[in-house]
Amino acid sequence: MQPTAETGLKIVVVGGFGVGKTTLVRSVSEIRPLNTEETLSRAGEAVDDTAGVKGKSETTVAFDFGRITLGPRHVLYLFGAPGQPRFWFLWDQLFAGALGAVVLVDTRRVDDCWYAVDRLEQTGVPFIVARNDFGGPPYTPRELREALALDPEVPVIDCDARSRESAARVLITLVEYLTAAARRPGGDA
């Protein structure tokens, strides 16, 4: 961080196992991201549900970390959370001090993001939902909103986590949502 940066802002990227959280952080970070990926092993097959993530050979075991300089005095820190249930205990620590969160969804495995939505609602961290395209069922944003029982104000957008532009659009949508919420009467986001 440059010596003139005064404010660090934090966004957390959550979602199910293999949904593209590490990829999103990698694609948009201005620095080489710190990630804690380890090779999937046969021992992990008994613990982690790898159905629907064919070809995945590594997994995040703590968190991913990236950074975007917003200006001479503001820096955005990105944290990608691990998606497997055995690592969910880390999420509350990652949520501490977060400006907001992005829930990544793979439409082939929508149920995998229920915990993320539920946990964010319980902790009060504002969030948006981004549908990462893996060629799954083409759910409309309305269908996805209904399936996840989302508040009507929560944005649901499409993304390609591999694309820097698309990942940046996800973050911009989150910031716009937070800004609009803060401007509403009684808003404190």
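Which residues are buried in H1? In H1, the buried residues are Lys21, Thr22, Leu24, Val25, Ser27 and Val28. Buried means under 20% relative accessible area, with exposed over 50% and partly exposed in between (1.4 Å probe, protein chains only). The model is predicted: local features need pLDDT of at least 70, side-chain atom pairs count only at pLDDT 80 or more, and totals for chains, interfaces and linings use all residues. Residues are numbered from 1 along each chain as its sequence is written, and side-chain values use heavy atoms, with hydrogens and water left out.

- Helix H1 covers residues 21–28, and because six of its eight residues are buried, the rest of the structure largely encloses it.
- Helices (H or I, at least four residues) and strands (E, at least two) are DSSP runs, numbered from the N terminus.
- Strand S4 (residues 74–80) is also largely enclosed by the rest of the structure, because six of its seven residues are buried.
- S4 pairs with strand S1 (residues 7–15) in the parallel sense, over seven bridges; two strands pair if DSSP finds at least two bridges between them.
- Valine 13 has glycine 80, in S4, as its bridge partner.

**The largest nonpolar core**

- A nonpolar core is a set of buried Ala, Val, Leu, Ile, Met, Phe, Trp, Tyr and Cys residues joined through side-chain atoms within 4.5 Å.
- The largest such core has 49 residues, of which Val14, Val103, Phe127 and Val129 touch the most other members.
- Helix H6 (residues 164–183) supplies the largest share of this core, six residues.
- Beyond its neighbours within four places in sequence, valine 14 is in contact (heavy atoms within 4.5 Å) with residues including Lys21, Trp91, Phe95 and Val103.

- Asparagine 132 is part of strand S6 (residues 127–132) and counts as buried because its relative accessibility is 5%.
- The side chain of asparagine 132 reaches the backbone oxygen of valine 19 at 2.8 Å, and a polar atom of that side chain lies 3.0 Å from the backbone nitrogen of alanine 161.
- Arginine 109 sits in the loop between strand S5 (100–106) and helix H4 (114–123); at 11% relative accessibility, arginine 109 also counts as buried.
- The side chain of arginine 109 makes a polar contact with the side chain of aspartate 112 (2.8 Å) and reaches the backbone oxygen of glycine 18 at 3.4 Å.
- A polar contact is a pair of N or O atoms within 3.5 Å; within protein, one must be able to donate a hydrogen and the other to accept it, and residues adjacent in sequence count only if both atoms are side-chain atoms.
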